[in-house]
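Welcome! Take a moment to look over the sequence and the model, and then let us walk through a few of its features together.

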Amino acid sequence: MKHIRNFCIIAHIDHGKSTLADRLLEYTKTIEVTQGQMLDDMDLEQERGITIKSHAIQMEYGYENEHPDFEKGQYVLNLIDTPGHVDFSYEVSRSIAACEGALLVVDATQGVQAQTISNLYMAIEQDLEIIPVINKIDMPSAMPDEVEDEIIELIGCKREDILRASGKTGEGVKDVLDAVVERVPAPEGDKDAPLQALIFDSVFNSFRGIIAYFKIENGSIKKGDKVKFFNTGMEYVADEVGVLKMNMMPKKQLSTGEVGYIISGIKNAKEVQVGDTITHIDNPCSKAISGFQEVKSMVFAGVYPIDPSDYENLRASLEKLQLNDASLTFMPESSVALGFGFRCGFLGLLHMEIVQERLDREFNMDVITTVPNVSYMVYDKHGEQKEVHNPSGLPDLMSIDHIEEPYIYATIITDTAYIGPIMTLCLDKRGELIKQEYISGNRVEIHFHLPLGEIVIDFYDKLKSISKGYASFDYHIDGFRHSKLAKLDILLNGESVDALSALTHVDNAVGLGRRMCEKLKELIPRQQFDIAIQAAIGAKIVARETIKCVRKDVTAKCYGGDVSRKRKLLEKQKKGKKRMKQIGNVEVPQKAFLAVLKLD
Ligand code: GTP
């Protein structure tokens, strides 16, 4: 154990975590010098520059410093990669729990950002040794001295404890590796105690099933052992155990402090829960490693095939996606407007986007996704509690005692110039200011309580535009709170369109109804009859717009001449219709279902 170091890299998005990781892997000759990044292997990740799925990789480092406390020689450094987005913060917390130290990487041109802070808090909570690294010092706009001040202010370290590096030029990479050996504590634990291993991640492999990654806190595991997963209670044989180099490397046995993988014929991703504890069936540990949580979907949306005959294909695609994404949930749902589809549950907005994109790219599915909403806790007059994932699933208003909605604790870091507009935005979104602190000269950290339901609508875009991109935002879920919510219905020619219903705060309901009607008037094309668009709360109509009829003759432009050109235009019109849904007698384009996201 003396020669093992388990560490992770925590950083705000784009501060250079993956690039620096690559340099560490190259320096230790774990990988060949390459272009491109090794740790992100999904297409999408590459494109978005976000590490979606965490991985772990083992390096061997020849430590050569003269140091009174450390022997020269080979050290095993396990780098546990953490996902980089708020939606995956529970996974981050489990990866962090598997480490003894963390590199806190801060971009020399950007300074401390919201995610730097939220990840740092998680690492401090787990008692990790923090090694601050200022990255991108090669850039002309780098301000390492200012960023040093911010880091000292943030974690109270000494100036000389802060490393400087460049993932681009490789400068400072040796210092980082030496610091990992000298400053990250070796893992502790009892080799002779019953097995206790923390699952911090899992991946799906089409040949081998689900592969779980773990860190052994106590005891050891051998190939062929009979093991049990504590929280699921499922039992398996360890068909293969090993360590993670660039490829999986089977081993006969792994012991306390080591990081590795187990293959045991698991087919269903749901059986391997991040945070679960692996132990032996025969000599089990007395309790699970603390900190386990069931991952819960917080954001929901309806996903419907454009072509109703694709329903079964859509189900099969979602099932396949779920094989390697256990946090995706779905249930059949039907909508009067959209027909048969599924209500999908996501960890957050980014997760939802990823799933949508994968459905499109990997499965070629043409779908309509409805406006996302959060999960609500509805209490009836008898004190019974029910979770509602869809505004149209709200029980009869008369039977409801009260409704609770999820709240978040949000951290925003911005330039002082934008405090005003950001405060206004957060207050408009029903936020409550918790505190505001200055980080350095012109940068400020703002903390808010906000309803998650307001964030899933158009918060990110608005924040970005009012701060000209100079605001970073991070959040975690912070419980449910009693809210006065109203259900707003939209009617087209008198017919209620369930897919357009929304739950909103009573004070905002009328305004929202009015703006929805105006927006839908823009989005729904004129048809051969008048279309009435109405917004209603219960039986009361609160807003109305009318789309006047028109007889649109697309061929009028062709002066009766060229037949083939005429046919082409008609074809084009037909294609346009494919993305339309017929509701009653009204043709509604897909973008209308997302109208609420586009309100000004
Ligand atoms: P996420 O996975 O999205 O959290 O990003 P990341 O923190 O892993 O950042 P990544 O390594 O993808 O780097 C972000 C961008 O900064 C890329 O365009 C890198 O090429 C660039 N970059 C990273 N490190 C350095 C550096 O030391 N110097 C310079 N000039 N650019 C760097």
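Let us begin with a pair of strands: β7 (residues 196–205) and β8 (residues 209–218) run antiparallel to each other, paired over nine bridges. Bear in mind as you look that this is a predicted model. Three residues make up the hairpin that leads from β7 into β8. To find a spot where the two strands meet, look for Asn 205, whose bridge partner in β8 is Gly 209.

The table puts the two pairings side by side.

| Pairing | Sense | Bridges |
|---|---|---|
| β7 with β8 (residues 209–218) | antiparallel | nine bridges |

Why is β7 described as largely enclosed by the rest of the structure? Eight of its ten residues are buried, so the rest of the structure largely encloses β7.

Now for the nonpolar cores. The largest one has 49 residues, and Phe 459 and Phe 473 are the members that touch the most others. This core lies between domain 3 (299–369) and domain 4 (376–483), because both domains give residues to it. Setting aside neighbours within four places in sequence, Phe 459 is in contact with Ile 412, Leu 425, Cys 426, Lys 429, Leu 450, Glu 454 and Phe 473. Another core, of 39 residues, lies apart from the largest one, and its members include Ala 123, Ile 130, Ile 134 and Tyr 213.

Definitions and conventions: Residues numbered from 1 in each chain as written. Predicted model: local features only at pLDDT ≥ 70, side-chain atom pairs only at ≥ 80, totals over all residues. Heavy atoms only, no water. Buried < 20%, exposed > 50% of the residue type's maximum accessible area, 1.4 Å probe, protein only. Helix = DSSP H or I, 4+ residues; strand = E, 2+ residues; numbered from the N terminus. Pairing = 2+ DSSP bridges. Core = buried A, V, L, I, M, F, W, Y, C linked by side-chain atoms within 4.5 Å. Domains from an automatic or database assignment. Contact = heavy atoms within 4.5 Å.
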